[in-house]
Amino acid sequence: MSIVRRKLDNRMSWVRHIDCVKFRKKKDQYFEEYEIATECRITGGLDYEKGLISCSFLTFEKDENGLYKYLLRIKSATHGEQNDSRYLDVHKSGYYFKEGVAEEFISLFSLYFQCRFYIVATSTIFSNGQKHRSERYLKYRRTEGGIHPTIFSDKTRSFSVGLVEFLDKIRSLPTEFHQDFLWASFQYLQSLRQVSLDTEMVFIRLVSAVEILSKYIDMDSSVDIFSAREIHEIVDVTSLSKEQQDKLKEIFSVRNSKLRFVSFIKKYCTRFFKGGKSRAEHCKIRKDALVPTLKTIYSARSAYLHSGESMYLSMPLRMKEARTWDTDPSMGMTIDNRSFSGSQKLPFAHFFESLVRHCLLNFLKDKQPQ
């Protein structure tokens with residue numbers, strides 16, 4: 001008896017989900033509805049793949065938490081046959097989303113719209129008309145817009161303009177980038193959810209978003225003297241056990257993680273920095289100061305995770321003009337028994353958030369098929 005090997009399919013789950021539903025009969029289809037919320041007003045409506053995915057206003061006024069609500073509707077289907085594209089084999093080391101494809105969508109929405117989303121409630125509507133609804137616990141704190149001006153800005157956002165094309169770009173990514181790009185987008189969303197709750201976690205999540213994709217950066221010999229060389233080409237590992245060799249390879253593979261982080265942002269920050277003068281030049285970060293700033297951020301993140309060191313954060317200022325600054329004007333401080341130098345100070349979280357988002361979008365653009 002011949003063994004039929006199933007094809008590996010490591011695209012994002014929502015992409016495989018769409019392919020699955022397309023091939024299912026109408027009687028086997030049903031809708032899953034998700035009430036999602038954000039502080040930003042987003043006009044218009046999304047209609048993707050002829051109604052397979054839709055999203056539009058649910059409420060036209062903010063609720064008591066200052067949130068607008070939207071209805072994300074996803075057409076689903078019962079399990080298909082063996083050749084159903086949704087159920088092809090995938091690597092078991094892939095990502096996991098508790099809320100399934102809905103959480104994937106709000107991660108991508110967050111990156112596209114530059115605002116944070118929450119799932120408030122879910123409903124399943126079956127073909128016989130029955131509906132089951134359940135609410136979700138919302139971990140949220142109402143926030144002043146000045147604390148993080150980029151995600152609370154009044155810039156125009158619309159489900160009808162550009163989002164379909166953005167999702168098409170995601171789908172057209174070469175398969176090897178799918179899961180990592182989505183996981184980086186999820187880390188970006190998680191960082192925004194920490195605004196006003198834990199600023200240190202904002203930085204940690206953003207660094208993680210970059211690290212996920214920085215492995216695709218080619219490090220030439222001018223940056224990495226062991227570039228393109230395997231561990232056995234550098235040292236004799238024949239006297240080591242397999243377990244010891246595997247451990248050494250693991251250590252070798254994560255070398256220069258800070259340099260990869262810096263190199264990724266240097267490569268994909270194109271057109272982020274703009275010229276011109278500012279009234280508060282000492283509070284702006286120019287491109288020539290990018291590398292030391294990035295190294296400070298990465299070192300602060302690592303010290304926080306590995307030795308419990310506190311981060312020296314720029315303090316949010318209530319002055320309206322300060323919303324355009326990248327860092328506060330302080331040059332060092334002492335708190336209790338801890339002294340920080342000016343070189344250890346991190347920029348405002350909204351500066352780093354905007355920079356990371358810009359780089360993720362440029363990565364997406366760079367990896368499009370030619």
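**Exercise 1. The surroundings of S110**

Task: Which residues does S110 touch, not counting residues up to four places away in sequence?

Solution. Step 1: S110 touches C115, R116, F117, Y188, L189 and L192, leaving aside residues up to four places away in sequence. A contact means heavy atoms within 4.5 Å. The structure is a predicted model, in which local features need pLDDT of at least 70, side-chain atom pairs count only at pLDDT 80 or more, and totals for chains, interfaces and linings use all residues. Residues are numbered from 1 along each chain as its sequence is written, and side-chain values use heavy atoms, with hydrogens and water left out.

Step 1: S110 is found in helix 2. Helices (H or I, at least four residues) and strands (E, at least two) are DSSP runs, numbered from the N terminus.

Step 2: The relative accessible area of S110 is 0%, so the residue is buried. Buried means under 20% relative accessible area, exposed over 50%, and partly exposed in between, with a 1.4 Å probe and protein chains only.

Step 3: A polar atom of the S110 side chain lies 2.7 Å from the backbone oxygen of C115.

**Exercise 2. Salt bridges**

Task: How many salt bridges are there, and which parts of the chain does the pair of E49 and R171 link?

Solution. Step 1: A salt bridge is a side-chain nitrogen of Lys or Arg within 4 Å of a carboxyl oxygen of Asp or Glu. By this rule the count is ten.

Step 1: One of them joins D19 and R11, with the closest N and O atoms 2.8 Å apart. Both D19 and R11 are buried.

Step 2: Another joins E49 and R171, with the closest N and O atoms 2.7 Å apart. This pair links distant parts of the chain, 122 residues apart: E49 is in the loop between strand 2 and strand 3, and R171 is in helix 3 (residues 163–172). E49 is partly exposed, at 28% relative accessible area, and R171 is partly exposed at 21%.

Step 3: D326 and K284 also meet through their side chains, at 3.7 Å from N to O. They are 42 residues apart, with D326 in the loop between strand 7 (312–313) and strand 8 (332–335) and K284 in the loop between helix 7 (257–268) and helix 8 (290–307). D326 is buried at 9% relative accessibility, while K284 is partly exposed at 24%.

**Exercise 3. Positive phi**

Task: Where does K50 lie, and is K50 buried or exposed?

Solution. Step 1: Most residues other than glycine have a negative phi. K50 has a positive phi of about 55° although it is not a glycine.

Step 1: K50 lies in the loop between strand 2 and strand 3. Its relative accessibility is 84%, so K50 counts as exposed.

Step 2: R271, also not a glycine, has a positive phi of about 70°. R271 is in the loop between helix 7 and helix 8, and counts as exposed at 75% relative accessibility.

**Exercise 4. Confidence and the whole chain**

Task: What pLDDT does the protein average, and how many contacts beyond four places in sequence does the model have for residues 81–87?

Solution. Step 1: pLDDT is the predictor's confidence in each residue, from 0 to 100. The protein averages 85, and 87% of the residues score at least 70.

Step 1: Over residues 81–87 pLDDT stays under 50, and the model has 19 contacts beyond four places in sequence for them. Over residues 1–5 pLDDT also stays under 50, with zero such contacts.

Step 2: The protein has nine helices and ten strands. Of its 370 residues, 47% count as buried.

Technical notes:
Polar contact = N/O pair within 3.5 Å; in protein donor to acceptor, adjacent residues only side chain to side chain.
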